[in-house]
Amino acid sequence: MRRKNKKTRTVFENVTVVDAGAKGKTIGKAPDGRVIFLTNTVPGDIVDVQTTKKRKAYFEGVAINFHTLSDKRTEPVCEHFGTCGGCKWQNMSYDNQLFYKQKEVENNLRRIGHLELPEITPILGSKEQYFYRNKMEFSFSDSRWLSLNEINSNEEIKDRNALGFHIPGMWDKILDIKKCHLQKDPSNAIRLATKEFALANELSFFNPRNQFGLLRTMMIRTSSIGEIMVLVQFFENDKTKRELLLNHLSEKFPEITALLYVVNEKQNDTIYDQTIVCFKGRDHIFEEMEGLKFKINAKSFYQTNSDQAYELYKITRDFAGLTGEELVYDLYTGTGTIAQFVSKKAKKVVGIEAVPEAIEDAKANAILNNIDNTSFFAGDMKNIFNPEFITENGVPDIIITDPPRDGMHKDVVQQILNIAPQKIVYVSCNSATQARDLEMMKDLYTITKTQAVDMFPQTHHVENVVLLEKR
């Protein structure tokens, strides 16, 4: 049944939620057969839906009344669920999360890439479904997000300061976080102590709309060997107030390995063009994996789920099937983690990455680990990965590629096809763009293995590893 509400938005009654789709949304069907993308349901729910957008081929909407709750549901553990956009699947049981992640990967490979697949290996779930992240970033705000109860109370709200996460789709609204279930302690303790001290000492919180305030952002990184990095980003360059806070954190949390700060007076929060200052301790922390040590600084990229990263890299190495005689190219190498992880079973590994600082990290980590059969090069992939580079560094037997979410540039795919290595191991955080790239290779290569890996429980994100072998 369909009816109109006062705002002329359509309400569909008794809609059965039939599936989970891309970007964490679930799917129902309107009476005319059009898809409805929903944000607050679980497959199996029967709900009344109020539409929020109408397009030619689909609607977007929210459930406003629940007739039947799905047996796939579970009780969210976080008090911020439903407002914070970080864990959109926290209301779905973990085994069902894994089912829909694997289904999305398989559908993308078949429907987008039109690919012939071998028998699908079951998705590898994460042992830890909470407190698995090694990096979290929080924002300060002097105009926090207010709940509906606060707005409707008609009372003056005096406490407007927040230290937490951006409300989805709202760049200037911050949800104040009491407890986050994504990073192990002392992450919550450090965040809460910072806010408490700032309030007690009248340190101003940032106003993103009008660009004023002392405290801007906080990043906390942890490692599996117990090291901790804290980076506080200040907007105003006030040495006295800055050192007041940093000294407090140093005294209250002596376990902090690297206490850093940056003064960022520009309009955006990114630190990659800023000078990082070490206030106390080291300017980096270490992560360890299978006897290898990796130096991580404030700007380093490192997989944010350390335990699952280890599983992902083991699968990648296993798919490559190295014997010790192969020349391996590691495209989009980042800080060289995969390159160094596979190096002991390869003759040589050549890593390429666009970010110069990441390549410097990769070289430093290779020295740290006494690895002498790797070489690393910085440059835009579609430009540096050319015939001259191949001539100089050798024709690879195996290519490992782990591109960003957008996938590989078509020129990079074409160069891989020109080289035509015996094997390609394609690691992806976006199976849709992975499928697009694989379709361009399917005349020359057969997919012989595919393995999805859940790096981010409670979210819709999923990694996938594919082995291509030359026909």
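How many nonpolar, polar and charged residues are there in the lining of the largest cavity?

Tutor: The model is a predicted one, and what follows is computed from it. The lining of the largest cavity is made up of 8 nonpolar, 5 polar and 1 charged residues. Those 14 lining residues include Cys78, His80, Cys84, Cys87 and Gln90, which lie nearest the centre of the cavity. Its volume is about 110 Å³.

Next come the helices. H1, residues 94–112, packs against H11, residues 431–439, with an angle of about 35 degrees and an axis separation of 8 Å. The crossing of the two helices is right-handed. On the H1 side, the contact is formed by Glu104, Val105, Asn108, Leu109 and Ile112. On the H11 side, the residues that meet them are Ser431, Ala432, Gln434, Ala435, Arg436, Leu438 and Glu439. Taken by class, the contact of H1 with H11 has 6 nonpolar, 3 polar and 3 charged residues.

Charged side chains also pair elsewhere. The whole structure has 19 salt bridges by the search made here. In one of them, the side chains of Glu60 and Lys25 meet with an N to O distance of 3.6 Å. Glu60 belongs to strand E7 (residues 58–68), while Lys25 sits in the loop between strand E3 (19–20) and strand E4 (26–29), so the pair ties together parts that are 35 residues apart in sequence.

Two points of backbone geometry remain, each in a loop. The peptide bond from Asp185 to Pro186 is cis, and its omega is near 15 degrees. Pro186 is placed in the loop between strand E11 (174–176) and helix H3 (187–200). Tyr332 is not a glycine, yet has a positive phi of about 60 degrees. Tyr332 is found in the loop that runs between strand E18 (327–331) and helix H6 (337–343).

How values were computed:
Residues numbered from 1 in each chain as written. Predicted model: local features only at pLDDT ≥ 70, side-chain atom pairs only at ≥ 80, totals over all residues. Heavy atoms only, no water. Axes fitted to C-alpha atoms, helices over the stretch in contact; angles between N-to-C directions. Helix = DSSP H or I, 4+ residues; strand = E, 2+ residues; numbered from the N terminus. Left-handed = near helix turned anticlockwise from the far one by under 90°. Contact = heavy atoms within 4.5 Å. Nonpolar A, V, L, I, M, F, W, Y, C, P; charged D, E, K, R; others polar. 1 Å grid on protein atoms, 1.4 Å probe; cavity = no way out; pocket = protein on both sides within 12 Å on 5 of 7 lines; lining within 4 Å. Points joined across faces, edges and corners; volume = space filled by probe spheres on them. Salt bridge = Lys/Arg side-chain N within 4 Å of Asp/Glu carboxyl O.
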